[in-house]
Amino acid sequence: MNVSPKAFSHIGLSVPDLDAAVAFYTEVLGLYTIMEPTEVFEDDSPIGVMCTDVFGPDWKSLKIAHLATADRVGIEIFEFPENYAPDDNLDHKRHGTFHFCVQDPDVEGLVEKIVAAGGKQRMPVREYYPGEKPYRMCYVEDPFGIVFEVYSHSYELTYSEGAYS
């Protein structure tokens, strides 16, 4: 079977404060705003019907904004009424998505900006090939507890030689 690889379109994030999240992701990570924060209601509009299909009846309303990375991957940010933080924001044993990754050649500088903006550095910056190649990474959190990773180089370059050998 010959299956071609698919392009990654977007990831959805749920935050407690949409405006603050848009400010963080645009000012700290440099993402582009594609659609300004908008309130959507449970009604018969096309987006209202789509949200009811996804969330079920009685979701009432939500706020949403759309951002994009330099390589055109979307970040769809939601603020739901009555949202709440998970008990464990890095529940790595639970099935499902537990992080995403952004790329910046200045890992250390970006981590400093994230921390200065109210985020958290979860670990020291680490090298995949110490003394051999400058590929670095670090797990961080945004100010809302969403865990993500920062890589210095592309995913393909980092793993093409078997980073774990």
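Residues are numbered from 1 along each chain as its sequence is written, and side-chain values use heavy atoms, with hydrogens and water left out. Because the model is predicted, local features need pLDDT of at least 70 and side-chain atom pairs count only at pLDDT 80 or more, whereas totals for chains, interfaces and linings use all residues.

The protein contains four helices and nine strands, where helices (H or I, at least four residues) and strands (E, at least two) are DSSP runs numbered from the N terminus. From the N terminus on, the order of elements is β-α-β-α-β-β-β-α-β-β-β-β-α. Along the principal axes, the C-alpha atoms fill a box of roughly 60 × 50 × 30 Å. Of the 165 residues, 37% count as buried; buried denotes under 20% relative accessible area, exposed over 50%, and partly exposed the range in between (1.4 Å probe, protein chains only). Among contacts with a separation of 6 or more, 57% are accounted for by residues 24 or more positions apart, a contact being defined by heavy atoms within 4.5 Å.

The domain assignment gives domain 1 (7-81) and domain 2 (90-164); such bounds come from an automatic or database assignment. The C-alpha centres of domain 1 and domain 2 are 23 Å apart. At the interface, 12 residues of domain 1 are in contact with 12 residues of domain 2. About 950 Å² is buried between domain 1 and domain 2, 89% of it on carbon and sulfur atoms. Buried area here is the accessible area (1.4 Å probe) that two parts lose on being put together, summed over both. F24, V28 and L29 supply 47% of the area that domain 1 buries against domain 2, more than any other three residues.

Between domain 1 and domain 2 there are zero salt bridges, a salt bridge being a side-chain nitrogen of Lys or Arg within 4 Å of a carboxyl oxygen of Asp or Glu. On the side of domain 1 that touches domain 2, strand 1 (10-14) and helix 1 (18-27) each supply at least two residues. Helix 1 gives the most to this side, with four residues. The residues of this side of domain 1 divide into 10 nonpolar, one polar and one charged; Ala, Val, Leu, Ile, Met, Phe, Trp, Tyr, Cys and Pro count as nonpolar, Asp, Glu, Lys and Arg as charged, and the others, Gly among them, as polar.

V22 is located in helix 1 and is buried, with a relative accessible area of 9%. Not counting residues up to four places away in sequence, V22 touches T33, P37, A65 and L67. The C-alpha atoms of V22 and H99, which are 77 residues apart along the chain, are separated by 18 Å.

In helix 3 (residues 107-116), the buried residues are V107, G109, L110, V111 and I114. They pack against helix 1, strand 5 (100-103), strand 6 (120-121), strand 8 (136-141) and strand 9 (147-151). Just after helix 3, G118 adopts a positive phi of about 105°.

Y84 lies in the loop between strand 4 (74-79) and strand 5. Y84 counts as exposed, at 73% relative accessibility. Although Y84 and P16 are 68 residues apart in sequence, their C-alpha atoms are 7.3 Å apart in space.
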